[in-house]
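Dear colleague,

Please find the structure below, handed over for your use. My findings follow directly after it.

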Amino acid sequence: MELAYIPSPSTGVLHLGPLPLRGYAFCIIIGVFVAVWYGGKRWVARGGKAGTVADIAVWAVPFGLVGGRLYHVITDYQLYFSDGEDWVDAFKVWQGGLGIWGAIALGAVGAWIGCRRRGIPLPAWADALAPAIAFAQAIGRWGNWFNQELYGKRTDVPWALKISSGPNREAGLYHPTFLYESLWCVGVALLVIWADRRFKLGHGRAFALYVAAYCVGRFWIEYLRVDEAHHILGLRLNDWTAIIIFALAVTYIVISSRVRPGREEVVEPDRDDAAKPVASASPEPDDAEVADADTDAADAKTTT
């Protein structure tokens, strides 16, 4: 008997006249705004300027969205390029399908371009954004709830997610893995905030901590999922990805803490100095100096 469960939305789209309002897109957009707002506050607290995070996000966000979609399409190519599938669906981002690994990787490329244009070290910017990105992920995962996707195995726990019948899914009660990951991301954000304050993390180590902690949660959450995925040696592809990236993140923390301990003293150069006029090496004499020079010349003639 079903005593308690989490209901799923009857639809993931609300129509405002001819304009479709998609829950998945709203969650992504809200997550981005939260990341830019909170990341901006952390950047200013570390000595940066207001508005810098938003300026760099103009580069990072589009790159991240493209990277997330590319990762999903490449790793789940059978959903779009198999017999009977329509390859045009690969461009329908609103239907779900953004891989966080690709989003972070290509988003970092965009952030690097933005940071380079402003003379800012990318690791420092990434440290400021680390918990903000985790909060954004926590919000974005609710988009999967609107689309009734990325749920786990069947279960009868009181917090089970009720899924209705539809394309490629059967009605029933399942583990709400979207909720598990959302809560885990909130925990990761709080962990990074605490560790950053306690140990004064710098030179990209706060961001590496976020990556490592997220990978731990993604590993066990991925194990619960039942959606179609490629397997290698009995593990889902994303499990192997989480293992490899976790190892790289921990290695970076260890090596970076030895090579470059502490935190950056200056995270953003003062561009205001560059706008100030440079004093002339040979300043023009003022009126008093000209008058004195004329008097001296007259005295010299009289003496002669």
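His-203 is found in the loop that runs between α7 and α8. Although His-203 is not a glycine, its phi is positive, at about 55 degrees. Please bear in mind that this is a predicted model, and that the values in this message are computed from it. The loop between α7 (177-199) and α8 (205-224) is also the place of Lys-200. Lys-200 is likewise not a glycine, and has a positive phi of about 50 degrees.

I turn next to helix packing. Two packed helices are described by the angle between their axes and the distance between the axes. For helix α4 (residues 100-118) and helix α5 (residues 122-140), the angle is about 140 degrees and the axes are 12 Å apart. The crossing of α4 with α5 is right-handed. On the α4 side, the contact involves Ile-100, Ile-104, Ala-108, Ala-111, Trp-112 and Cys-115, which meet Leu-122, Trp-125, Ile-133 and Gln-137 of α5. Sorted by class, the residues of this contact are nine nonpolar and one polar, with no charged residues.

Helix α4 also takes part in a salt bridge. There are 14 salt bridges in the structure, and one of them joins Glu-268 to Arg-118, with 3.4 Å between the closest N and O atoms. Because Arg-118 belongs to helix α4 while Glu-268 lies in the loop between α9 and α10 (272-275), the pair ties together parts that are 150 residues apart in sequence.

Finally, the surface carries a nonpolar patch of about 480 Å², made by Val-216, Phe-246, Val-250, Val-254, Ile-255 and Val-259. Which helix gives the most to the nonpolar patch? Helix α9 (residues 237-259) does, with five residues. Ile-255 has its place in helix α9.

Yours sincerely

Methods
Residues numbered from 1 in each chain as written. Predicted model: local features only at pLDDT ≥ 70, side-chain atom pairs only at ≥ 80, totals over all residues. Heavy atoms only, no water. Patch = residues over 30% accessible without salt bridge, like charges linked within 9 Å, V, L, I, M, F, W, Y side chains within 5 Å. Areas by Shrake-Rupley, 256 points an atom, 1.4 Å probe, with all protein chains shown as cover. Salt bridge = Lys/Arg side-chain N within 4 Å of Asp/Glu carboxyl O. Helix = DSSP H or I, 4+ residues; strand = E, 2+ residues; numbered from the N terminus. Axes fitted to C-alpha atoms, helices over the stretch in contact; angles between N-to-C directions. Left-handed = near helix turned anticlockwise from the far one by under 90°. Contact = heavy atoms within 4.5 Å. Nonpolar A, V, L, I, M, F, W, Y, C, P; charged D, E, K, R; others polar.
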